Each structure stands twice: as structure tokens, then as C-alpha cells.
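Subject: Structure handover

Hello,

Here is the structure we talked about. Please look it over, then read my notes below.

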Amino acid sequence: MVDADTYWPAELFADLDRTGPVPLYFQVSSRLEAAIHSGAIPAGGRLENEIAIGQRLGLSRPTIRRAIQELVDKGLLVRRRGIGTQVVQGQVTRAVELTSLYEDLKNSSHVPATRVLGHDVVPASEIVAQSLGLSVGDDVVFVRRQRSTDGVPVAVLENYLPLEFADITREQLEEHGLYEIMRARGVTIRVAKQKIGARSARGDEGELLDIDSNGPVLTMERVAFDDSGRACEYGHHCYRPDLYSFETTLVAK
């Protein structure tokens, strides 16, 4: 019997060809992929473990592991410690525009969630001071958040703000995007300088993103300016590359 918290479209596997030329792992992988795209296994849905699936289908654990890995590599499944294998229906693809991740997720029919990891007043380092037009050691607001979509962590966001934003609350940060909060305070962000890169995870980023401790992450560094030309935010963020990508449009001159 399938656990109430898991999904298993048994009818898709009734006619596995065990003697033909198509490898069994590929047959299982293809049918799971079809179930994900059709919604038979919904985004966020959890699969049984490899042993249970193998016993159900009469197949070896290595065969099931390879079938699942095919879908992990495609960004359709994600393995989460303590939870198991869950469906993530494709990557989050974000256009490189002057928007916040929270807004982009909401606008693309994902369900964003935020966990505030840090919310303090700290002295500005050299790079923070230079980015915000301040002196080294000046007080700035530091905010660190874990952003998830459909229950799966996709980003760790670190932002530094001028001290006037010190009254932004943790509750506001949990319920709204940072740019949404700033707009509500009358701040209009007009332009930003942004760099996109990649590196290995550092510190607790691997744990927060549910990846290997030194696994690869995408990075984005941004300085945003309001309509008076004043720097109002400096951020550096990291993202899971298997669940997240940036998209740009290039036009010839």
C-alpha cells in the first residue's frame, strides 16, 4: 500500500517491457517524467524510497536509482535529507530584470516562502561601504534570508541597507519581498548594477540549499539605486543551479 504522503501512478508501469531492447531504467524514468508533466505526480509530491519502488516493480535498486538520477539531472526531482525524493516541476527561470526573487516567483505561479536567518545592525565592511556610498564602519542593516519555492530551498539572500531601514521587521521580511517593502516606504528603485557568476558553496550554504557542502551555486551581486541616484541596497545572493537559472535577451546593435 502506498503511504498517504507519497504518489505512485501504478498504471503507468503495468506494461514494462522486461525483454526488449529499451533499458528498464529508461522506461521507468520516462514514465515518471510523463507523470510529472501530466500532474499525476504534482509539484512537491514525494516518491517512495528506492527500495520500496524496486520491490513494487520487481526491479533492482541500482535500476531505480539510475532512473531517479536521470530526473534529478533534468531538474524534475530533488533529493532532500530527511524528506526523500520530491517533484520540482522544472527550474525557476528568472529574467534578468530589476525585480525581486519573491515577486518573480509569485508572478510565475510558484509559492514562495522566506525564513529570516539574520536581521541585525552591523558595521559596514569596505565593499558594503563602497557599494552604499558610506564610510567603513558606518552602521548598516544586514538581512539574511533563505528563500524557498513550492517547499524546496532555492536561494540564500544577503542584503545590506542604509540605517534608515532598521525598522523593517522580521515579520515583514517573511511575508513580503524586500523591494515590495521598500516601495511601500516610498522608495522607487530605478537602476542597478549587477554581476552574475558561479562558485562553490561556502559555510552553511550547502545545508541551507540542501546540496553538498561544497557543491556549485549560481551567484548574483547587485547594487540598486533609487530615483535620486542614491544607493539603497547592496546584495549578494546564491542559488541552486539545478533548480534555478537566469535568462537574458540579447539584441544586436
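Buried here means under 20% relative accessible area, with exposed over 50% and partly exposed in between (1.4 Å probe, protein chains only). Helices (H or I, at least four residues) and strands (E, at least two) are DSSP runs, numbered from the N terminus. This is a predicted model: local features need pLDDT of at least 70, side-chain atom pairs count only at pLDDT 80 or more, and totals for chains, interfaces and linings use all residues. Residues are numbered from 1 along each chain as its sequence is written, and side-chain values use heavy atoms, leaving out hydrogens and water.

Helix 2 first. It spans residues 50–57, and its buried residues are Glu50, Ile53, Gly54 and Leu57. Down the axis of helix 2, these fall within an arc of 100 degrees (taken from the directions from the helix axis to the C-beta atoms), so they line one face of the helix. They pack against helix 1 (24–38), strand 1 (46–47), helix 3 (61–73) and strand 2 (77–80). Contact means heavy atoms within 4.5 Å. Just after helix 2, glycine 58 has a positive phi of about 70 degrees.

Two strands pair if DSSP finds at least two bridges between them. Strand 5 pairs with strand 6 (residues 139–149) over 11 bridges, in the antiparallel sense. Aspartate 120 has phenylalanine 142 of strand 6 as its bridge partner.

Best wishes
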